[in-house]
Amino acid sequence: MQAREARHGVGYGIAAYVIWGCFPLFFALFDGVPAWEVLIQRIVWSCLFLLIVVMLLRRWAPIREGLRQPRQLVWVLGCAVLIALNWGLYIYAVESHRVLQASLGYFMTPLVNVACGMLVLKERLSRWQILAICLAVVAILVQLWMLGKLPWISLVLAMTFGTYGLLRKRVPLDGLSGLFVETGLLLPLSLIALGWLMWQGQSHFGETPTTTMLMIVSGVVTTLPLLAFAGAARRLRLSTVGFLMYINPTLQFLIALWVFGEPLSPAQLITFALIWVGLGCYSLDAWFHHQRG
């Protein structure tokens, strides 16, 4: 029975990360629609679809419990702002043909999580973790030296998602309930912005059936991998989920090269190689802890 649940968990985990990894293919379809408008539509339709899911699954209890703690809403609002920034920048990266930078950002996220644990939570790091962080810093400096600019999209994506994970630990809500409350907090501002776009005649919603359907489907596409991830997290060890996490940026990396034909410069290749070695050190450390546990 336990082995069967584990197999189901792996299946759910792979499904979640494969969908996330294929996001560039989906958001590339919004040709000619500004990234911030796609973000607004994604928030609106995600909130509506999450509302339907919460009602069907009768998950109001954890939401009510979370909302009874007003102090926690500050952390939820922080999470909402960070996830909106992350979503918006990611959509911009796809539309501006910088999927390689987005991929690098999500490869860097586990190392940002480790750094946040050290700086904010005062966690003690192992030698492998310290080496992993040092390699990430060297990778950024190499790109700055060879290209003369920071990989700012990668850094902001990694920082926003890593900080989002840090704040989520302070919120007593599961992934589904938490995202519903977060999008709910963002909904009023999104509706105001959507109304302004329509008033100015600049909204792309309703412009063509394809664009309209894509905007509606963005809510479903956002929610489905979250549900699959929740199924995996309930059935698998955290270390197993951590290893599956690399599917997402790996797929984005391959899509950027093979589908979108983005050029991979020597500086970028060195940067990726250093990050991959750092992730190898991080994974080894996680594996050693798993073996000892």
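**Stop one: a pocket between helices**

Start with the second largest pocket, which has a volume of about 240 Å³. A pocket here is an open set of points on a 1 Å grid over the protein atoms alone, with protein on both sides within 12 Å along at least five of seven lines, and lining residues have an atom within 4 Å of a point. Grid points are joined across faces, edges and corners, and the volume is the space filled by probe spheres set on them.

Before going on, some ground rules: this is a predicted model, where local features need pLDDT of at least 70 and side-chain atom pairs count only at pLDDT 80 or more, while totals for chains, interfaces and linings use all residues. Residues are numbered from 1 along each chain as its sequence is written, and side-chain values use heavy atoms, with hydrogens and water left out.

Now select Met 108, Val 112, Ala 115, Ile 140 and Met 159: of the 14 lining residues, these lie nearest the pocket's centre. Colour helices H6 (99-119), H7 (127-147) and H8 (152-168), the elements that each give two or more residues to this lining. H6 provides the largest share, 7 residues. Helices are DSSP runs (H or I, at least four residues; strands are E, at least two), numbered from the N terminus.

What classes of residue make up this lining? It has 14 nonpolar, no polar and no charged residues. Nonpolar covers Ala, Val, Leu, Ile, Met, Phe, Trp, Tyr, Cys and Pro; charged covers Asp, Glu, Lys and Arg; the others, Gly among them, are polar.

**Stop two: the cavity**

Next, select Gly 66, Leu 67, Gln 72, Leu 73, Val 76, Val 171, Pro 172, Leu 173 and Val 181, which line the largest cavity. A cavity is a set of grid points where a 1.4 Å probe fits but cannot get out. This one has a volume of about 40 Å³. Helices H4 (60-67) and H5 (70-95) each give two or more residues to its lining, and H5 gives the most, with 3. By class, the lining divides into 7 nonpolar, 2 polar and no charged.

**Last stop: zoom out**

Show the whole chain: 13 helices and 0 strands. Its radius of gyration (taken over C-alpha atoms) is 19 Å, close to the 19 Å from the globule rule (2.2 Å times the number of residues to the power 0.38) for 293 residues, so the chain is as compact as a globular protein of that length. Along the principal axes, the C-alpha atoms fill a box of roughly 55 × 45 × 40 Å.
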